[in-house]
Amino acid sequence: MSQSLADVLLQWERLEEEYHNIQETHRMYLQKLDEISKLQKSCFSAICLQRTKLQEMSSNVKKCSKVLSKENSLEMKDKIKMQTNALLEMEAFLPRKNGLYLSLVLGNVNVTLLSKQLKFAYKDEYEKFKLYLTFVLLLFSFICYFFVSYRFLDALLNFLLVWYYCTLTIRESILITNGSRIKGWWVFHHYISAFLSGVMLTWPDGNLYKVFRNQFLAYSLYQSFVQCLQCYYQSGCLYRLRALGERHNMDLTVEGFQSWMWKGLTFLLPFLFFGHFWQLFNSLSLFRMARLPVCTEWQVLVCSLSFFILFMGNFFTTLAVVHQKLKKRNQKTKIL
């Protein structure tokens, strides 16, 4: 009995010692956090000041361009550009205020990830989420188109689309805060898609809905298939380009075409353009439907307008990228 009591007292002493060690470690942790917070503020102020001075210097270089030699002027401009880009890289690791959308959704929560490993892990998780959900949407659309015809399942598909696109917009906003360079339209079109899916969700089960149902499900099936292709091939292309140092670690796959895809992914362009014109076809079909005397649902015209906006944005953004790359290639050919 006395032996067991001695063992208990000895264990208690060890526990107390471990507890005091934990307290000391936690105290040091809080102290370091306070130091990090002060360093972040100091670094952010220094970056803002340096950026202002670089802007002033850039303006002075332009004013003195006639006096400076061409070589000195170009050298200074290159250095200013290099330093500006370096400041952006530094700023990506500092806490900053959320944009309007994130502020509305999350409030003033700090979403800045403070290490490259955390940033890349979150980006990788975003890519996996997008790929897995695209497979789920592909399977769901396939089942609804070929096997079942229930309004409840259609509503479930549209609800899943609303949730998917809303989640993408939040995750993309967090990634932009952490340094991802996502082009404006490829973010904005997710807001349009979420809105469109929400309107489709509220469309009552009538004759006009039944007329458009199979066309919409076939479009969803094709779109999910193309997105799976894009996710798979773009991920491989980005991995190769990052290994060669030609792309940023936080670059993402998109549901469209960007300049970095020109090498190796041009075979996707016919699939993309076909999908864009399908959006135009959906818009025109719904517009003709909205002009029918029997049409009383407001969802028809709103969906038509949404599909038309998606077509315009997707088609002309992709076309602009292709035109830019062809123009650069022609310029290089002329030089050679």
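**From a surface lysine to the core**

At 55% relative accessibility, Lys38 counts as exposed, because the cut-off for exposed is over 50%. This is a predicted model. Lys38 forms a salt bridge with Asp34, with the closest N and O atoms 3.6 Å apart. Asp34 is partly exposed, at 41% relative accessibility. Both residues sit in helix H1 (residues 2–63), four residues apart, about one turn of the helix.

Now the overall fold. The protein has nine helices and zero strands. It has 336 residues, and 39% of them count as buried. Among contacts with a separation of 6 or more, 75% join residues 24 or more positions apart. The accessible surface is about 21000 Å², and carbon and sulfur atoms account for 65% of it.

Helix H4 covers residues 116–146. Its 31 residues should span 45 Å at 1.5 Å a residue, and its end C-alpha atoms are 45 Å apart, which agrees. Lys128 is partly exposed at 42%, and Asp124 is partly exposed at 32%. The buried residues of H4 include Tyr126, Phe129, Leu133, Leu137 and Phe140.

Some nonpolar residues lie on the surface instead. Leu139, Phe142, Ile143, Tyr145, Phe146 and Phe147 form a nonpolar patch with about 600 Å² of accessible area together. Phe147 lies in the loop between H4 and helix H5 (151–177). Its relative accessible area is 62%, so Phe147 is exposed.

The interior comes next. In soluble globular proteins, nonpolar side chains tend to be buried together. Here the largest nonpolar core has 47 residues, of which Met200, Trp203, Phe212 and Leu286 touch the most other members. The elements giving two or more residues to this core are H4, H5, H6 (184–202), H7 (207–243), H8 (269–290) and H9 (298–335). H7 gives the most, with nine residues. Beyond its neighbours within four places in sequence, Phe212 contacts Met200, Trp203, Asn282, Leu286, Met289 and Phe307. Apart from this core lies another, of six residues, among them Ile47, Leu54, Val61 and Leu94.

The salt bridges total nine. One of them joins Asp154 and Arg213, whose closest N and O atoms are 2.6 Å apart. The pair links distant parts of the chain, H5 and H7, 59 residues apart.

Methods
Residues numbered from 1 in each chain as written. Predicted model: local features only at pLDDT ≥ 70, side-chain atom pairs only at ≥ 80, totals over all residues. Heavy atoms only, no water. Buried < 20%, exposed > 50% of the residue type's maximum accessible area, 1.4 Å probe, protein only. Contact = heavy atoms within 4.5 Å. Areas by Shrake-Rupley, 256 points an atom, 1.4 Å probe, with all protein chains shown as cover. Expected span 1.5 Å × (residues − 1). Patch = residues over 30% accessible without salt bridge, like charges linked within 9 Å, V, L, I, M, F, W, Y side chains within 5 Å. Salt bridge = Lys/Arg side-chain N within 4 Å of Asp/Glu carboxyl O. Core = buried A, V, L, I, M, F, W, Y, C linked by side-chain atoms within 4.5 Å.
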